[in-house]
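Hi everyone, thanks for coming.

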Amino acid sequence: MDISIIGAGNMGGATALGLSRFCPEARITVTARHRETLEKFSSSGIASTLDNAEAVKGADVVIMGVKPWLLKEVLTPLLPLMKEKILVSLAAGIPASTLKEWTDGFNLAGVYTVIPNLAIEIGESMTFINEVSGNSGTLRTVNGLFSSVGKSMVVDEKQLGAGMMVASCGTAFALRYVRATMEGGIELGLYPRQALQAALQTVKGAAALADAHGTHPEQEIDRVTTPGGITIRGLNAMEEAGFSNAVIQGLRIWK
Ligand SMILES: NC(=O)c1ccc[n+]([C@@H]2O[C@H](COP(=O)([O-])OP(=O)(O)OC[C@H]3O[C@@H](n4cnc5c(N)ncnc54)[C@H](OP(=O)(O)O)[C@@H]3O)[C@@H](O)[C@H]2O)c1
């Protein structure tokens with residue numbers, strides 16, 4: 001399957017690298033505005049061009065990775081070349097009604113809003129997919145592509161914002177937790193590299209454990225909180241400082 005990514009910046013570039021590594025049937029072409037942006041792809045067997053139209057012509061699936069405010073300007077001249085092709089927009093803030101209006105009359109096979117996160121590059125994305133238009137075949141294609149680079153979830157449009165906050169912005173939120181843990185670990189006597197490795201592996205292990213057991217996080221927490229012990233005292237101290245409340249308030253800024 002030929003996939004062209006128009007705008008191979010942070011997200012488009014990570015998507016290209018992830019699909020090229022983990023989706024054997026995907027042949028990837030990337031575009032950008034500047035030649036320098038494309039240089040990092042040459043060693044990964046990913047084709048590149050500065051010509052968006054050329055990239056779109058050979059594609060089955062076109063992924064738009066430009067900034068949301070550039071989407072209409074970059075997409076409009078490409079639409080006449082997209083007959084029977086699948087369009088994937090990575091722009092969370094562009095409503096389905098707007099994408100429908102822009103693409104109406106161009107006979108696209110399907111139009112999707114897809115919100116991956118940066119871990120797509122290493123095959124560990126949490127990706128949300130909303131179908132703007134299409135059929136079971138095109139949805140299977142899009143879902144297949146993004147489930148090859150992590151987990152994917154097909155959701156209603158009204159859930160996309162929540163998905164983005166939890167999983168895309170959530171990458172930054174989780175890493176801020178890691179940074180805070182490092183700072184505390186260093187104060188207690190670990191060297192920065194030790195603290196970083198310990199924090200990352202602990203977060204990875206905790207997530208993998210809850211995922212493997214299919215448990216509510218609190219069930220795993222119960223297993224490490226000895227009555228009167230240091231874990232529950234630590235948790236309570238964090239909650240007194242507003243830990244859960246701070247996380248919820250951070251997510252809520254989408255509303
Ligand atoms: N970052 C995330 O975690 C994340 C997560 C989910 C969704 N998204 C969405 O992904 C989209 C891209 O965000 P980003 O953070 O990846 O932006 P970015 O790093 O700025 O990348 C945008 C890319 O678009 C290229 N570009 C600009 N104009 C172009 C044109 N006319 N033709 C071809 N390429 C062009 C730029 O090329 P040059 O580099 O050559 O200038 C740049 O590489 C946005 O819609 C964003 O909402 C981002």
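Let's start at the ligand: helices α1, residues 10–22, and α4, residues 68–75, each give at least two residues to the shell around it. Keep in mind that this is a predicted model. In total, 27 residues surround the ligand, and the closest are Gly-7, Gly-9, Met-11, Ala-32 and His-34. If you sort that shell by class, you get 14 nonpolar, 11 polar and two charged residues.

Okay, on to the sheet. Strands pair through backbone hydrogen bonds, and they can do that parallel or antiparallel. Here we've got eight strands in an open sheet with mixed pairing, and the order runs β3-β2-β1-β4-β5-β6-β7-β8. So who sits at the edges? That's β3, at 47–49, and β8, at 150–154, each pairing on one side only. On average, neighbouring strands are turned by 25 degrees against each other, ignoring direction.

Look at β7, residues 125–133: this strand pairs with β8 in the parallel sense, over five bridges. Within that pair, Phe-128 stands opposite Met-153 of β8. And α1 comes back here, packing on the sheet and touching β1, β2, β4 and β7. The direction of α1 makes about 165 degrees with that of β2.

Now zoom out. The chain is divided into domain 1, covering 2–155, and domain 2, covering 163–252. Their C-alpha centres are 33 Å apart. Where they touch, domain 1 puts in eight residues and domain 2 five. On the domain 1 side, that's seven nonpolar, one polar and no charged residues.

How values were computed
Residues are numbered from 1 along each chain as its sequence is written. This is a predicted model: local features need pLDDT of at least 70, side-chain atom pairs count only at pLDDT 80 or more; totals for chains, interfaces and linings use all residues. A residue is near a molecule or strand if its C-beta atom, placed from the backbone, lies within 6 Å of it. Helices (H or I, at least four residues) and strands (E, at least two) are DSSP runs, numbered from the N terminus. Ala, Val, Leu, Ile, Met, Phe, Trp, Tyr, Cys and Pro count as nonpolar, Asp, Glu, Lys and Arg as charged, and the others, Gly among them, as polar. Domain bounds come from an automatic or database domain assignment. Two residues are in contact if their C-beta atoms, placed from the backbone, lie within 7 Å. Two strands pair if DSSP finds at least two bridges between them. Axes are lines fitted to C-alpha atoms, for helices over the stretch in contact, and angles run from 0 to 180 degrees between N-to-C directions.
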